[in-house]
Amino acid sequence: MQFHHHGYVSTDPRVQPAAGVGLNRPEQLPEHLDVLIVGSGPAGIVAAAQLAQFPNVVTRVVERRDGRLVLGQADGIQARSVETFQAFGFAQQIIQEAYQITETDFWTPDPENPRDIVRSSITPDDPKGISEFPHLIVNQARVIDYFAEYARRAPARGDVDYGYEFLDLEVTGEGEYPIAVTLRRVSGYSGAGINAAKSEAADDGETVVVHAKYVIGADGARSAVRRSIGGSLAGSTSLHAWGVMDVLAVTDFPDFRKKCIIHSEAGSILHIPREGNHLARIYVDLGETDEHDGGKVRDTPLEEVIARANAILHPYTLDVRDVPWHSVYEVAHRLTDRFDDAATSPDGKGRVFLMGDACHTHSAKAGQGMNVSMQDGWNLGWKLGYVLEGRSPESLLKTYSDERWVTSKNLIDFDHEWSTLMAKKPEEFDSPGEVEEFYVRTAEFPAGFMTQYTESMLTSDGANQDLASGFTIGKRFKSVKTTRVSDAVEVHLGHHHRADGRFRVYAFADASGERLDRWAAWLLDDGASPLHRFTPEGADLDAIFDVKAVYQQHHHGVDLSRVSKLFLPASGPFGLTDYEKVYAAQPDEDIFDLRGVSRDGAVVVVRPDHYVSAILPLDRPEQLGAFFEGLLLER
């Protein structure tokens, strides 16, 4: 963590200096906004947290509730999400309070006595070492709390305006603020976030009209924003029901504190221990449903769900002492027909965007809903920031729909296969280990690492993929341990990629370092360099591009006095040297070997949300300039 570069700091260094709109953020919702976000769930709050790093962008989040979420329905946190938490600065804190999944136990009918269940196998949670981060279980409400706190500490001082219900919007396509949004006060609350307080002037039912440049609909599966742009969810229902309950219980089931997938003659259970060492979430198979009974299964009493759980767990018993939350649902897989309003807007430009459950709904058992939604929010958040601050053309926003629709479709296809497996009866499996085999074979998908964006203005073709075969173009940057040369500290290279809206450019040095020196000199001195063309006048050298060098030799063999000033830039008003941009490969865990990086050097460009945008040759620096042509605007 870097601080003091703007002067001595003795308070919490995670609180960044206020800037731009954060210097005098109005308590009341302003009439004119750059971005209005409807809904403060995982998708909306991540978009808000990212936009809070753009101090000149006026962003507000409206939420119908009168305060923070208390009972979150999502709880599974994939490793990709923990990478995201690292970028937003709270991975270690949330790991400390979360339940950590290290292995999954599979239970099946006892061959000797099929009425009973026995543990049939155990598999490590990440047998292939997909990520250095763990798979967690933690309350959705806490995840939202962390992102909201990040937004409040960011330069723009973002927060949530509670007590506003979205009614409708009209896209006129005219003027600086072409969207008129009608909201209604529903709780009598005035102000934002933790400082929200009752206001006598704010009467329930009062309507408010605000005008925005862009609107984000993150308002759930029944999205009113989606309805307002003529969108719909299409798909199917499986006609299979599940009861889900968070329980505090006493039991003789030996794996109560481990993730379990249980198939018995009485049905199936997905058992998920939760944070705090006592709570568990249990998904209980309620069997097939009748499509003509009007959803009668949703009226299943809690007592019946508990009884069914005990039947499935036989010969073990579950004595439920308290149930903080429960629900009954039928598995449905639905995808929206649009992620923005480009098809219906007056000028064909997308100004209203959908994300999270407003776009895609599926079963909860794969643990993907909150995780994919957070990536929706991050994907669009930085892009809106770039367009609104004049860094990129408006065409960048089209990539949001192009990228996230495919990701959502892949998610629904995967979840359909997984939920079908979970609903099978023991006698319907092709082999006793079919569920475990699928679970292990597809581990990379539920971990969040199968997303791969295709060629676009943000993603290059694969012409140079062989220069760094382990950094797959279009997929997330997979970190490796390195040594920071300045202080000999072991650092995971990707862990310094913060959610600050900057592109990362990793220059992997050739053996002699001569190509790296010439590449760095071009970036510093040539007028065609992206640093000259796209860095704002008077800004720090690394304001848009965080350029780092990675050397092949041991860190003792790197002489900082001979390293280009590109990698030792002046930072802040005092022009202090930034020593966190020069790294060396570790002898026992060589990043060049592990990621297939050419010993002749290579350049890896990573976009603000961690995905690899391009692989370029070190001896052709002009290709870096060509890549950013059209993606960024001249300063």
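Aspartate 347 has a relative accessible area of 37%, so it counts as partly exposed. In this predicted model, its side chain meets that of arginine 351 in a salt bridge, with 2.7 Å from N to O. As a general point, side chains of opposite charge can pair when their charged atoms come close.

Because arginine 119 belongs to strand β6 (residues 117–124) while aspartate 255 sits in the loop between β14 (233–251) and β15 (259–264), the pair ties together parts that are 136 residues apart in sequence. With a relative accessible area of 39%, arginine 119 is partly exposed, whereas aspartate 255, at 3%, is buried.

The other salt bridge is formed by arginine 153 and aspartate 12, whose closest N and O atoms are 3.5 Å apart. Here, too, distant parts of the chain are linked, since arginine 153 is in helix α4 and aspartate 12 is in the segment before β1, 141 residues apart. Arginine 153 is buried, with a relative accessible area of 19%, and aspartate 12 is partly exposed, at 26%. Salt bridges can also join into a network, as they do among Asp500, Arg502, Arg504, Asp542, Asp546, Lys548, Asp578 and Lys581.

From charged pairs we can turn to a helix and its surroundings. How many of the ten residues of helix α1 (residues 42–51) are buried? Ten of the ten are, and the helix is therefore largely enclosed by the rest of the structure. Among these buried residues are Pro42, Gly44, Ile45, Gln50 and Leu51. The elements that cover them include the strands β1 (32–38), β2 (59–63), β8 (160–162) and β13 (207–217), together with the helices α4 (140–153) and α7 (369–388).

Threonine 84 is found in helix α2 (residues 79–87), and it counts as buried because its relative accessibility is 1%. Leaving aside residues up to four places away in sequence, threonine 84 touches Phe147, Gln375 and Trp378.

How values were computed: Residues are numbered from 1 along each chain as its sequence is written. This is a predicted model: local features need pLDDT of at least 70, side-chain atom pairs count only at pLDDT 80 or more; totals for chains, interfaces and linings use all residues. Side-chain values use heavy atoms; hydrogens and water are left out. Helices (H or I, at least four residues) and strands (E, at least two) are DSSP runs, numbered from the N terminus. Buried means under 20% relative accessible area, exposed over 50%, partly exposed in between (1.4 Å probe, protein chains only). Contact means heavy atoms within 4.5 Å. A salt bridge is a side-chain nitrogen of Lys or Arg within 4 Å of a carboxyl oxygen of Asp or Glu.
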